[in-house]
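Subject: A structure for you to look at

Hi,

Here is the structure I promised to pass on. Have a look at it first, and then read my notes below.

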Amino acid sequence: MDALVEQFFNLEIMAKALPLVLKGLGITLLICAVVIPLGLAGGLLAALGSVSRNRALRWISIGFVDVFRALPPLVLLIFIYAGLPFAGLSLSPFVAVIIGFFLNNSAYFAEILRAGLLSVPKGQIEAARSTGLGRAQTLIWVTLPQAVRNVLPDLLSNVVEVVKLTSLASVVSLGEMLHAAGLVRSITYNASPLVLAAGLYLVLLWPLIRVIGRFERRITH
Amino acid sequence: MMLSPDLPGASSGVALSIENLHKSFGTEPVLKGLDLAVGRSEMVFVLGPSGSGKSTMLRCCNRLEEPDSGEIFIEGDRLTGPGVDLNKIRQRIGMVFQSFNLYPHLNALGNVTLALRQVQKMPRAQAEAAGLDALDRVGLSARARHYPAQLSGGQQQRVAIARALALKPSVMLFDEPTSALDPELVGDVLDVMRDMKAQGMTMLVVSHEMKFARDAADRVIFMDHGRIVETGPPEQIFGNPQEDRTRAFLSRFHG
Amino acid sequence: MDRFLDTFFNMAVLGRYAPAILDGALITVVLSLLIVSTGIALGAGLACLRAYRIGPVSFAIVIFADVWRALPPLVLILLAFFGLPNVGVVLSSFMVLYLVLMLVLAAFAEEIVWAGITATPKGQWEAARSTGLSFTRALVFVVLPQAVRMVIPPLTNRAIAITKMTALGMVIGVPDILGQATTAQSFSANASPLTLAAIAYVILFLPLVIASRWLEARFTPPGA
């Protein structure tokens with residue numbers, strides 16, 4: 001029992017790791033702040049493409065979504081970070097992470113938004129068009145607000161997944177939270193910094209998970 | 001007022017004119033060369049069995065369905081063909097749907113003012129005044145801040161009518177406006193339509209409300225298989241139909 | 001173009017390392033099958049247990065599901081791989097990867113199946129119980145069969161997402177597809193092994209993604 005506490009809950013080591021881990025948390029949040037809006041924007045474009053009447057556009061969009069849903073994000077990230085330099089394109093870890101996660105998340109957000117767009121009854125679009133609203137105006141003022149509302153729990157779930165995904169950036173030595181904690185672990189040979197990072201992930205994500213649960217219940221009942 | 005169905009579209013007394021309208025879904029022809037002119041302030045009722053093309057005709061009148069061929073004029077202005085500013089001309093044609101199609105994320109006033117604000121670019125205060133005025137005409141200005149989910153079906157349909165009225169259209173199209181309503185809520189919607197007629201609105205109505213048609217319509221049209229079979233004043237269509245198909249259809253309704 | 005081909009599709013490199021990546025693919029497939037079968041079984045079992053509404057048991061299940069859904073799998077993998085040996089529990093990297101991903105999937109599966117159970121109308125329970133079925137029989141024969149239809153699309157999506165995470169094994173040295181590819185890439189100083197890995201993942205997972213799309217269309221009730 002003592003060994004367990006010593007190995008996983010060593011407060012002294014946690015205290016030492018805290019500044020570095022908090023700095024890592026800052027980078028974690030920064031990645032999220034960049035990737036979530038980008039992913040939503042890319043996802044919306046791909047979602048619109050996937051419900052378009054233009055067959056070519058539809059297939060390209062669905063192909064994009066399916067390929068990036070099939071590819072593990074770590075594979076994508078390593079391909080961008082470690083593969084592209086061989087072709088003379090060296091990217092900083094941060095840029096590589098942003099590009100990789102953007103592609104991955106666009107696909108996931110696209111799939112969610114596509115379901116949202118399809119959930120809006122056709123009559124809504126007809127009503128809007130019959131009052132003279134154009135295609136884009138109908139999308140912005142009528143279709144999209146309803147689409148987002150209908151899939152809000154799924155969108156929030158994906159936000160949770162993005163936060164968790166940022167931990168992969170540690171693999172390409174971007175100093176986000178897990179990387180910082182892993183660094184201190186490798187110096188101290190003690191797992192407590194990892195527990196500290198895990199605790200911070202919990203503080204960050206548990207409330208969100210509870211909120212999503214409540215949303216889901218409200219929608220199914 | 002009586003108008004023959006083949007009046008030319010540009011005539012001054014005609015609000016809406018349809019000329020030789022054709023429409024198919026796939027290989028299935030739905031409208032087979034339809035001609036119809038609706039005079040200013042006239043209320044024309046369209047009857048017919050399901051699949052006769054009534055709704056398709058109505059939906060072609062603001063090009064929610066794209067006609068295959070034929071012309072449609074609204075107060076002499078051509079609606080069909082390329083180069084028409086569809087969004088502008090649609091504001092002159094109000095449409096009321098069977099399923100209301102109110103925007104669930106906006107309250108009654110928001111539903112009514114959306115097109116005023118976004119298409120006509122009215123300032124908020126002016127749009128809200130116009131919206132309240134339209135809601136008042138359907139007797140619902142007191143419900144302006146209610147969301148569709150908080151309104152009864154009849155109230156929702158009246159808000160939908162106000163949404164169209166607020167744009168000050170020249171013509172109103174009604175696509176089975178009372179079919180989705182509980183029987184006790186139908187009356188309120190019909191009362192609103194009667195008021196609109198009294199104020200001189202031009203209306204083209206697809207509906208099965210025979211009694212209302214008999215009371216309020218200026219003219220009744222019977223459609224079958226994509227063609228107008230018979231047209232005449234309600235007394236004639238209901239009292240002494242000339243065509244066998246009309247008679248057969250009406251007898252089924254009277255049971 | 002030549003440079004591009006030489007970098008990403010170098011035939012000599014591809015030929016040399018294809019067998020290793022094929023070995024990796026076998027590990028990825030075996031791991032995935034183990035994770036999906038046991039993870040979903042455990043999750044569904046926990047959801048059924050929760051249906052009995054025994055206070056402390058339900059509470060423990062909810063905490064388990066919340067924590068394992070909130071924590072990034074890579075954090076859990078590193079914790080298990082580097083932490084457990086220090087308290088005398090030594091697991092192979094394969095075992096660590098399997099256990100962590102299996103439990104993560106179980107946590108998600110529990111929540112999804114539970115949502116399916118609670119979404120089954122109360123009248124179904126009442127009808128079953130009124131004909132004399134015990135709680136367990138009502139659950140097994142009436143409620144679960146209805147819940148299954150509702151949970152298949154989300155469960156499929158989640159299972160795909162989590163089996164894709166077997167790629168995380170590379171970090172702790174599991175010789176799966178990505179592990180083999182990164183090793184090969186550092187030996188060959190060429191990106192082709194990574195291309196091959198990406199292709200291998202797409203070949204393995206794209207059919208599943210497309211199948212999930214089909215399942216979604218088939219099992220999602222209209223308007224839901």
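A word on terms before we start: a contact here means heavy atoms within 4.5 Å. The model is a predicted one, so local features need pLDDT of at least 70 and side-chain atom pairs count only at pLDDT 80 or more, while totals for chains, interfaces and linings use all residues. Residues are numbered from 1 along each chain as its sequence is written, chains are lettered from A and ligands numbered from 1 in the order in which they are written, and side-chain values use heavy atoms, leaving out hydrogens and water.

How the chains meet

Two pairs of chains touch, and the pair with the most contacts is A and C. Chains B and C share no contact, and their closest C-alpha atoms are 15 Å apart.

Between chains C and A, 48 residues of chain C are in contact with 47 residues of chain A. The area buried between them is about 4,100 Å², with carbon and sulfur atoms giving 73% of that; buried area is the accessible area (1.4 Å probe) that two parts lose on being put together, summed over both. C:Leu79, C:Lys164 and C:Arg213 supply 15% of what chain C buries against chain A, more than any other three residues.

The rule finds four salt bridges across this interface, a salt bridge being a side-chain nitrogen of Lys or Arg within 4 Å of a carboxyl oxygen of Asp or Glu. In one salt bridge C:Asp66 pairs with A:Arg210, with the closest N and O atoms 2.8 Å apart. On the chain C side, the largest share of the residues touching chain A, 11 residues, comes from H9(C). Helices (H or I, at least four residues) and strands (E, at least two) are DSSP runs, numbered from the N terminus.

Chain C itself

Chain C has nine helices and zero strands. Its C-alpha atoms fill a box of roughly 75 × 50 × 25 Å along the principal axes. Of its 224 residues, 52% are buried, where buried means under 20% relative accessible area, exposed over 50%, and partly exposed in between (1.4 Å probe, protein chains only).

A:Asn190 sits in the loop between helix H9 (177-188) and helix H10 (192-220) of chain A. A:Asn190 is buried, at a relative accessible area of 3%. Leaving aside residues up to four places away in sequence, A:Asn190 touches A:Glu6, A:Gln7, A:Asn10, A:Ile13 and A:Arg185. The side chain of A:Asn190 also makes a polar contact of 2.5 Å with that of A:Ser192. A polar contact is a pair of N or O atoms within 3.5 Å; within protein, one must be able to donate a hydrogen and the other to accept it, and residues adjacent in sequence count only if both atoms are side-chain atoms.

One of those neighbours, A:Asn10, caps the N-terminal end of H2(A), with a side-chain oxygen 3.1 Å from the backbone nitrogen of A:Glu12.

Two residues in chain B

B:Phe100 and B:Asn101 are not glycines, yet phi is positive in each, at about 65 degrees for B:Phe100 and about 55 degrees for B:Asn101. B:Phe100 lies in the loop between strand E6 (93-96) and helix H3 (108-118) of chain B, and B:Asn101 is in the loop between E6 and H3 too. Both count as buried, B:Phe100 at 11% relative accessibility and B:Asn101 at 7%.
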